[in-house]
Amino acid sequence: MTDRQLSRRDFLRLAGASATAVAATAVGAATAQEARAAASAAPPAWESKFGVCDMCFNRCGLIARVERGVITKLDPNPKFTKSRGMLCARGNAGVDQVYDPDRLKTPLLRVGARGAGKWKAIGWDEALDLAAAKMKDIAAKHTRCGMLFSAGADTQSQFVNRFAEAFGSYNVTSHESLCLLSGNRAFLDTYGEVPLPDVKNSKYVILAGANRLEALVTPDSMDLVSIMKAGAKVVVLDPRYTKSAALASEWWPVRPGTDMAFMFALAHVIIAEKLYDPAYMQERTSGFEQLAAHVADKTPQWAEAETGIPAHDTARIARELAAAAPAAMVYPGRRTSDYENSTQIRRSFAIVNALLSNWDRPGGLVPSRPAGVKKGAPFEPPFYDDNPPGRVDQGGVPLLFEDEGSFVLTREAVIKGAPYPVKGWMVYKTNPMATAPERRKTRQMIDALDFLLVVDITMSDTAWMADLVLPAPSALERQDPVQALQAGAEGACLVWRDPVIAPLHQSRPVFDIVKALSQRLGFPEAFDFDIPKYREQQLAAFPEAAEILKRDGVFYPPNPPLGTTDGQPFKTPSQKIELFSTRYADKGLDPLPVYQPPKPAPDAARKFRLVVGRSACVTQASSTNNAMLSEFEPENTLWLNEESARELGVGQGDMVLVESPAGRGELRALVTPKIRKNTVYMLSGFGSVSGGLSRIKGVGASIVELMESRVDAICGNSAMHETYVSVRKKGAA
Amino acid sequence: MNQRLAMVIDSAKCIDCKACQAACKQANHVSRGAWRNWIKEAAPVVENGKLARGHFQPGACMHCDEPSCLAACPTGATFKSADGSVGIDPKLCIGCGNCIAACPYGARFRDPVRRKADKCDYCPQRRAAGLAPACVDTCPTKARVFGDINDPDSAAAKLLAANQGRVVRIVAKGRDTKPNMYYIASTAPEGWAVKPVDPLSFNALTQVVAPLVRYAVGLSGLGVLVMLGRQLMAGQKPKASHHAGPDTTSDPEAESRQGTANKPETADKEDGHDAR
């Protein structure tokens, strides 16, 4: 069903209603106001069905309005409180994702050169036979770890990971090592777990390295607005005047890469002026004395030289923050893939939070709430003796997440063929060609493979390079397992998906695909269940949940009050909040974060630091080709400070040439006071190479074409703010 | 007492996320390149060497009590309902564009596909189903509140009452059209509304000729419908443009800038509005 067919159908329906109204008008000539209003006010003949949005990772509860089998509107589910009863622009554009003419319709086999866009439509049996044969072949030649599996943020990704386990490969990556791992590493190593911010009850929030009013995270984004309205203070540090900056109580255009200096100055003031709770430091933290000594000389005056934020303001913010504690926080952030020392930068965030004694307190950082979801269809993965001893990216960094790895380091290993060859790659709904730094290297990696299988909704840039592409249904066309979502202190909520409409085209959910492959590969027992059975097992603790999910579209498990972890040990080696990390000391890492000034620009021409970020209408490359969203963000522009633009002779809207050692790009300049000098910004998700993305192929520039391949030295997360680029007006010498 | 439907907006809560625009477009099948509602951005000012706090302002047709578009319509397609809303009867609209120039708020446009005047209608179908207008329902920060302000129990009336003396309205230059859109506390940008264009000769024309035209158009309504139908069935769509030319723009940022420039020109108004 294309959108054109949809509009015809709608037209016929509307025309029927209109014809009646016209007849009435003609007879009545001067129609009574009430009658005219009533004629247009018949309630729509729609069926309402619960769904869960899939336009980003937030997974907001929604209600799909379905008319004669066609989804005409998506509305927020008011019972789904995590999103505060909203559906953002992307959520509303979910209809266009379903009826996108660019959707994949059949399995496609590459018949031309890789990336040349020559495809042959084949049947599912042939496609699955071929995929199974290739995987078998790779396992025989290169061990089972010769297959790499990458699944994006999706409720069915757990089945791809299960398939990888059953197949016998521990080479699994996801989008997370291009996104949030540095922050996770930092908080895990400080608190023993990754906390949730209880923004709703906070009186003071420092938002550094997070643009939460554009990069929407539910419920945090909405809560920031509500708490400011109620008098709370939100202080934003960002080299850009983002919408978060524009609406914050205070905005400081911090020099990129100096957030740790600011955090140390906060710690300095809080400790020097004894604005902390000494009993708490004694009982709940480890290494307070070392920290005090470490920040003794990190005065606000010292920090000013680094951050550009006046010392008296930094000191004032520290006092205000401490005064609001424990209902105060340094917001932990989500995407933390910024610098090579991002884990340590975020450790400094975690440390300031500890000084506020805000753990498990309203308005502070709270531990994950219990969700009570049981494991569906538990199974024992097989063990293969001939497999290599570890992941292909092992050894590159000291504290790799075993289940996530590092995409950038994995890619290096595949290109080198060392420590062992990886020759096959199965990708589900993630798009490293458009999200991983240095696109040409991702291409190089793909060239080193014997087999690339991509399962997705549309022909992503990664799919465009594949040997075999399999069409997946949108999230509104499938049945999904139960998923627990966390909403700050309010507790977890559980959602699932049932199809709102039947799957379009020949699409098949990835669950069906891995199940069919497991049968062909000789381990059918790994997928000896269906989704209803799996969900039943997941909900074993809550007999009433299934009915409530059907009735409300969401289920709330019991949520214990905050403070229940008081007196309980933290899950760290010292069982306390580790200001000073003995584990880091043992590994030869800095046990307290050590401030390193950001690396200077390499030369006079390449002086612009490239920073990444988001618009509320863009979820990287997965949304930019969407018909509705492309109206808001039709192409990306290079944000360039007015003064810098003058120096370069670049005018508003001029085409500029941007270059780095990784690559180059051409796009229009947005000359603006909203960014610091010597810093440039562009949206991700443009400048695509796929011929299957009609709205964004070659439109704007690709940020991953320009970004250099740098990684967080501790956890291997990509470091996306480490690239300096040159900018010049196109055609200028 | 009659209903008086109104929008009460706390623009300080608007984060310019475009959810209202997307929801409206989807709910009302608004053509590509056109919008029934908008978010304007106040031009940021520099204070103490850096940009000061910004402000975003959601808007749409204000369903005025004294709408300048009503008299400008030669066929009576534009009407004021008993519930206070201003509507357009598409069967009577001949797409002449006079109402577009007459609206000082830029709320009207000619739909590029249907070639008829269009604007916010408070989503009557959704209201009939007991739902809020799409933009209100979807708003992440609930900056937009909708309801009958003559009903003291409505959320809109309560919000207005709670902000007595702090309510701001954007009003046309030279004439108060009595808009039913209330911004509470403060809002920006202000002063962007223009002077309504309603030539006297035109007024006379509508008074004398309108009843006749109304009747004639009513009779020919079915014919028009058939023509429109053929157009749509043929799949005629204007070329969807990513890169709007200098005279039309589909870039909402550009629209915001236009709004904040505080010097909207009426001369090329129609083009600008078509593009919204």
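Start in chain A and select helix 16: A:F407, A:V408, A:L409, A:T410, A:R411, A:A413 and A:V414 are its buried residues. Here buried takes 20 or more other C-beta atoms within 10 Å of a residue's own, exposed takes 12 or fewer, and partly exposed is in between, with C-beta atoms placed from the backbone. Before going on, note that this is a predicted model, where local features need pLDDT of at least 70 and side-chain atom pairs count only at pLDDT 80 or more, while totals for chains, interfaces and linings use all residues. Residues are numbered from 1 along each chain as its sequence is written, and chains are lettered from A and ligands numbered from 1 in the order in which they are written.

**Around helix 16**

Seven of the 10 residues in helix 16 of chain A are buried, leaving the helix mostly covered. (Helices are DSSP runs of H or I with at least four residues, strands are E runs of at least two, and both are numbered from the N terminus.) Now show what those buried residues pack against: strand 6 (147-151), strand 7 (172-173), helix 17 (432-435) and helix 18 of chain A.

Keep helix 16 (residues 407-416) and helix 18 (residues 439-447) of chain A on screen: they pack at an angle of about 45°, their axes 8 Å apart. That angle makes helix 16 of chain A oblique to helix 18 of chain A. (Under 35 degrees would be roughly parallel, over 145 roughly antiparallel, 65 to 115 roughly perpendicular, and the rest is oblique; axes are lines fitted to C-alpha atoms, for helices over the stretch in contact, with angles from 0 to 180 degrees between N-to-C directions.)

Which residues make the contact? Pick A:R411, A:V414 and A:I415 on helix 16 of chain A, then A:K441, A:T442, A:Q444 and A:M445 on helix 18 of chain A. (Contact means C-beta atoms, placed from the backbone, within 7 Å.)

Step off the end of helix 16 of chain A and you land on A:G417, with a positive phi near 75°.

Go to the loop between helix 14 (311-324) and strand 13 (328-330) of chain A, where A:P326 sits. A cis peptide bond links A:A325 to A:P326, with omega about 5°.

Next, select A:R59 in the loop between strand 1 (47-52) and strand 2 (61-67) of chain A. A:R59 isn't a glycine, yet its phi is positive, about 60°. Buried or exposed? A:R59 is buried, with 24 other C-beta atoms within 10 Å.

**Over to chain B**

Chain B holds nine helices and 12 strands, and 53% of its 276 residues are buried.

Select the open sheet of four strands, ordered 10-1-12-11 in chain B, with mixed pairing. Its edge strands, strand 10 (144-148) and strand 11 (167-168) of chain B, each pair on one side only. (Strands pair if DSSP finds at least two bridges between them.) Strand 1 (residues 5-9) and strand 10 of chain B are antiparallel partners over five bridges, and B:V8 stands opposite B:V145 of strand 10.

B:A188 and B:P189 are joined by a cis peptide bond, omega about 0°.

Last stop: B:R115, in the loop between strand 8 (109-110) and strand 9 (117-118) of chain B. B:R115 has a positive phi of about 55° without being a glycine, and with 15 C-beta neighbours inside 10 Å B:R115 counts as partly exposed.

Notes:
Contact = placed C-beta atoms within 7 Å.
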